[in-house]
Amino acid sequence: MGKKKTTMVFFVNHNEIDNISMYLKQSIEYIKHRDNIEAMASLAILEHYLTHISEIEKLRIENII
């Protein structure tokens, strides 16, 4: 009997993913160049986007309607 693959598909706003990717790359560059103030600001924005996605993807009646 073969293995059965299970795939879970998420529908996430691509703009959110693009923003996360951009701020992650930006944060890494700020950290590399030891620009602590800009790195902290960029990481705070990144944290906001990650939290926001987590909230909007929760299975709740508000997110379905």
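Which residues does L46 touch, not counting residues up to four places away in sequence? L46 touches I20, Y23 and L24, where contact means heavy atoms within 4.5 Å.

This is a predicted model, in which local features need pLDDT of at least 70, side-chain atom pairs count only at pLDDT 80 or more, and totals for chains, interfaces and linings use all residues. Residues are numbered from 1 along each chain as its sequence is written, and side-chain values use heavy atoms, with hydrogens and water left out.

L46 also belongs to the largest nonpolar core, whose 5 residues are I20, Y23, L46, Y49 and I53. Such a core is a set of buried Ala, Val, Leu, Ile, Met, Phe, Trp, Tyr and Cys residues joined through side-chain atoms within 4.5 Å. Two or more residues of this core come from each of helix 1 (14–32) and helix 2 (36–56); helix 2 gives the largest share, 3 residues. Helices (H or I, at least four residues) are DSSP runs, numbered from the N terminus.

S27 lies in helix 1. Leaving aside neighbours within four places in sequence, S27 is in contact with A39, S42 and L43.

R34 is found in the loop between helix 1 and helix 2. Its phi is positive, about 55°, although R34 is not a glycine. Most residues other than glycine have a negative phi.

Buried means under 20% relative accessible area, exposed over 50%, and partly exposed in between (1.4 Å probe, protein chains only).

| Residue | Class | Relative accessible area |
|---|---|---|
| S27 | buried | 1% |
| R34 | exposed | 73% |
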